[in-house]
Amino acid sequence: MAKANQKVHPLEELIRTERLPHIWCPGCGVGTVFSACLSAIQETGIDHKKFTMISGIGCSGRGAGYVKLDSFHTTHGRAIPFASGIKMANPSLNVIVFSGDGDLFAIGGNHFIHAARRNMDITVICINNFIYGMTGGQVAATTPHMDRSATTPYGNPETPFNLPLMAYASGATYVARWTMIHSRDLTDSFVEAINHRGFSFIEVLSPCPINYGRRNKIKSLNMLKMFADNTIIKNNADPAQLDIDFKKGIVLGKFVDIDKPTPDENYEKICAMRE
Amino acid sequence: MKPKVLTGEHFINGDIACAEGAIAAGCTFFGAYPITPATEVAERMSERLPDVCGVFIQMEDEIAAMTSILGAAWTGVKTMTATSGPGFSLMMETVGLSVVTETPCVVVNVQRGGPSTGLPTMGAQADMMQAKWGSHGDYEIIAIAPSSPQEMFDLTIEAFNLSEKYRVPVFIMSDEVVGHMSEKVVIPEAKEIKTIARIKPRGRKDQFKPFQPEENGVPPMPAIGDGYNVHVTGLTHDEQGYPVMSVEAQKDMMGRLLSKIRDNLDDIIRTEEYLLDDADIVIVSYGVSARTAFTAVDMAREMGIRVGLLRLITVWPFPEEMIRDLSKRVKGFVTVEINMGQISREVQRCVGSNVPSYLVGHAGGTVITPDEVINLIKEVFMVTNHHCINK
Ligand SMILES: Cc1ncc(C[n+]2csc(CCOP(=O)(O)OP(=O)(O)O)c2C)c(N)n1
Ligand code: SF4
Ligand SMILES: [Mg+2]
């Protein structure tokens, strides 16, 4: 209980305050995205008991550990199949997957593709910090070409994923991208995604000053400045044009919003129709 | 639409019987990935689950199949998956998650010859150690070995009951032969089938500790949406379920995960004895090989050799004490299994230097014949130990 003269944090109801302080570094973007997610949960007005949050492993994946909901910190890459099991077994739940780029798109990439294809009715929030933060800054499937990391000390020879394109091509019915500084748009987007029926995916660009910024000589504030200055909001942009290139400018916005039945709905219908 | 329990006499194979056992036990979620010789379990479940308002989903691989059943289990339902060697290997990561988060589930392994892709259509019993040790870290699980389609039905129900009671993954370690052989299976009346329901928490929700055990060492388990706001993690955690990175927390958590099985061996372990009372030589066997062993015992007895059988219905936890006790009064052990020495090593470990212990094994692909068992018994015990015969 807060003392009379102490202000109660507006999200306190949704935070396991006894677990604070959190593990995120100063200047890290994960906490901001996490707050936006909790605000969105509040804004939907839906009973908290009808929410569950699932994370994989990573700094971003610690989200599930701080939210005061039934919350699951699973294994690396497996948040989506865990979430899919929950959703199919109890379709009345709002299932949010909160995890990192490495978790969702390297080790968990196949699960992402298939959940999107199925239009599984879950909300997937990916914190894209362009790196494996938790393990000390190794190259990810999202690290820009030629960037440095703990395992590409001379520059990344590979090309990163265009995540919204992959989501769209796989069958996701809601796809958006924001950065952690666009917190109003982000929260609105999360609310939309939670209310959306079907697979919704939001990529959130977020700084990891410790393990990405430092090696690539991008100061914390400069990263945020890039998020502000080198981005263009363009709703309904062609997903094929969403490659991440700070020099050209990064496109943000909502790119896909399609209404389509979900596997839990379809399954129920098909079973009801059988002889 | 068929009823939940298909009471009556059926002529079905082990895989189908296993699926029927699952439905009868109250399983309402199956996460699948096809693989020979376990596919029929999934196919049957896909057909039957809608009859009981259950859900079948074919996932993208066995990692996802196994992970989906853990997620589903936390909604309060009984869940299962079925696979064979290559898929069992992929599931091992999630087996650890099931153990440490104490998420009940039943995993069927209809074993085939390995390693790797091995012998897809031919049986073996060579994943027995993997069932015990396949995921990293120390842990205890329960593994059951059915010897017939009837037992595929009966023991699948048993597997669900043990899984719910102890909140551990329970493995049904079948094999291609039992999975694919058709025999008479008697399914009893629904009211005669004993099923165990998960213990739900009581008391104040805000003071509930999801990993605080009750008397038998097992904590009650709420479902998502019950309002307990549980946090469940694969990290080492305290009774609240919160991660704690310390030597003490690891010791406490591990201690309970092990002891909830080790302290309840009498309740968990099932064995069958055949002519053990006066036996000089004990055959230890399980699953399809136990069928060979029964015949071998009869053949040996006809020849005047006092052989008995200890059939392991539960293979893990291992009935150590029983074998240790037997080793004090018999002349030797023979383990019969379709592998190159797995459970025989456990037997050897328990027997120590008390008496000799041998393996009648096989690299896989076919069953062991009773003659092979008899030949070994004659060779080893009649030559080196002939005084133990017809004393
Ligand atoms: C199976 C497995 N492999 C590797 C690891 C080590 N690991 C922990 S977190 C992580 C990467 C996380 O990256 P990301 O998802 O981008 O999260 P971030 O820390 O950047 O938020 C890895 C490789 C693991 N925990 N499990
Ligand atoms: S390592 Fe990077 S991603 Fe992880 S908490 Fe620190 S800043 Fe954030
Ligand atoms: Mg990352």
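A:Asn129 counts as buried at a relative accessibility of 6%, where buried means under 20% relative accessible area, exposed over 50% and partly exposed in between, for a 1.4 Å probe and protein chains only. The model is predicted, so that local features need pLDDT of at least 70 and side-chain atom pairs count only at pLDDT 80 or more, whereas totals for chains, interfaces and linings use all residues. Residues are numbered from 1 along each chain as its sequence is written, chains are lettered from A and ligands numbered from 1 in the order in which they are written, and side-chain values use heavy atoms, with hydrogens and water left out.

The magnesium ion (ligand 3) is coordinated by A:Asn129 through OD1, by A:Asp101 through OD and by A:Ile131 through O, at 2.0 to 2.2 Å; donors are N, O and S atoms within 2.8 Å of the metal (3.2 Å for Na, K and Ca), and since water is not among the atoms, sites may look incomplete. Along the chain, these donors follow the spacing D-x27-N-x1-I. A:Asp101 in helix 4 (residues 101-107) of chain A and A:Asn129 in the loop between strand 4 (123-128) and helix 6 (163-170) of chain A are 28 residues apart, and the pair links distant parts of the chain; helices (H or I, at least four residues) and strands (E, at least two) are DSSP runs numbered from the N terminus. A:Asp101 is also buried, with a relative accessible area of 3%.

A:Trp24 in turn forms one aromatic cluster with A:Phe34, A:Tyr66 and A:Phe98.

Over all chains, the count comes to 18 aromatic pairs, in which rings of Phe, Tyr and Trp (its six-membered ring) have centres within 6.5 Å, and planes under 30 degrees apart count as stacked, over 60 as edge-to-face and the rest as tilted. The rings of A:Phe105 and A:Phe201 have their centres 5.6 Å apart and their planes at 70°, so this pair is edge-to-face. Because A:Phe105 lies in helix 4 of chain A and A:Phe201 in strand 6 (residues 200-205) of chain A, the pair ties together parts that are 96 residues apart in sequence. A:Phe105 counts as buried at 3% relative accessibility, and A:Phe201 counts as buried at 0%.
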